[in-house]
Amino acid sequence: MSLVEETGASAVPKRSLPRRLLRFGFLAVALAFGAWAVAGQWDAVVAGFARLSWPALAGSLVAVVAALLGAMLTWRTLLADLGSPLPLRPAAKVFFVGQLGKYIPGAVWPVLAQMEMGRDLGVPRPRSAAAFFLMMPVQIASGLLVTLVTLGWHRFGWVLLFIPLLLVLLEPKVVNGVIGFGLRKLKREPLERPLTRRGMLTAFGWALAGWTAYGVHFFFIAPQGGLLFAVGAFALSWCLGIVTFVVPAGAGVREVAMVAVLAPVLDSGAAIAVALCSRIVIVVGDLICAGLAGIASRRDSV
């Protein structure tokens, strides 16, 4: 069975030279902004990494790759539930290469890249966009739940205020209604398949697995508070970074939140170094995942 048949598309458009050049340009700009983010904090990065052992860095990087895989499977589950199941290798390429766009200022680049690459696999653009934006409430809800469980309600009980809203946002009937309203306003065809509760819960489970892996990554860098503390501290700071759309990949916001959360176990200087090291390891993880996904998917016609 061909890839087109698996995705349910009748035809896969051929890639023109301008589209290929556009993709290479997008990738080059994304990589340039990632390198610029590292170079701008180079002295602090060097100081932070000097405190870490190579085994700790290796373990942190492996955990980041596992966390990114969890995020990809969250997105892939949502996309499949909406009617476009993708084989693993092509799905990984679309997700990981598209995610490099988060390092470019502006919030639209990852979703535009995934829409364009998904189109080559027969995924309608509205469906790609829906899966992308559905990841946000899933990740935030699961991240706040992890925060509450690992850091304790006595310190972060305010998280409970958001739980009812997030539960509403995760209700498939509400989600389908919002997506349908948006598509009508854009004068687009409605989604062929509505989101199901099973699909949402499966995606939620992959998101929880991703937070666990991110916590392990953070524990390798900052073990002072213990593993549970590392899981909660990272989840909280990441959630705060996610909701800041105007900065690339939550740059700066996540680090500020991370330094504040680490205050009980680290002084400010050490906490800043930890936050920067975490950022760099994640950037490297993004690049590794995108590179490996691109190489693996060459076996398929993408």
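What percentage of the 302 residues in the protein chain is made up of buried residues? In this predicted model, in which local features need pLDDT of at least 70, side-chain atom pairs count only at pLDDT 80 or more, and totals for chains, interfaces and linings use all residues, buried residues make up 50% of the chain, where buried means under 20% relative accessible area, exposed over 50% and partly exposed in between, with a 1.4 Å probe and protein chains only. Residues are numbered from 1 along each chain as its sequence is written, and side-chain values use heavy atoms, with hydrogens and water left out.

The protein chain contains 14 helices and zero strands, these being DSSP runs numbered from the N terminus (H or I of at least four residues for helices, E of at least two for strands). Among contacts (heavy atoms within 4.5 Å) between residues at least 6 apart in sequence, 73% join residues at least 24 apart.

Two packed helices are described by the angle between their axes and the distance between the axes. Here the axes are lines fitted to C-alpha atoms over the stretch in contact, and angles run from 0 to 180 degrees between N-to-C directions. Helix 6 (residues 109–120) packs against helix 7 at an angle of about 140°, with the axes 9 Å apart, and the two are therefore oblique to each other, given that angles under 35 degrees count as roughly parallel, over 145 as roughly antiparallel, 65 to 115 as roughly perpendicular and the rest as oblique. The residues of this contact divide into six nonpolar, three polar and three charged, where Ala, Val, Leu, Ile, Met, Phe, Trp, Tyr, Cys and Pro count as nonpolar, Asp, Glu, Lys and Arg as charged, and the others, Gly among them, as polar.

Helix 7 (residues 125–151) also meets helix 11 (residues 197–221), their axes coming within 9 Å and crossing at roughly 55°, which makes helix 7 oblique to helix 11. Among the residues in this contact are Ser-142 and Gly-143 of helix 7 and Phe-204 and Trp-211 of helix 11, and the contact residues as a whole divide into ten nonpolar, three polar and no charged.

Ser-60 lies in helix 4 (residues 54–81) and is buried, with a relative accessible area of 0%. Not counting residues up to four places away in sequence, Ser-60 touches His-217, Phe-220, Ile-221 and Val-281. The side chains of Ser-60 and His-217 are joined by a polar contact of 2.6 Å, a polar contact being a pair of N or O atoms within 3.5 Å, of which, within protein, one must be able to donate a hydrogen and the other to accept it, while residues adjacent in sequence count only if both atoms are side-chain atoms.
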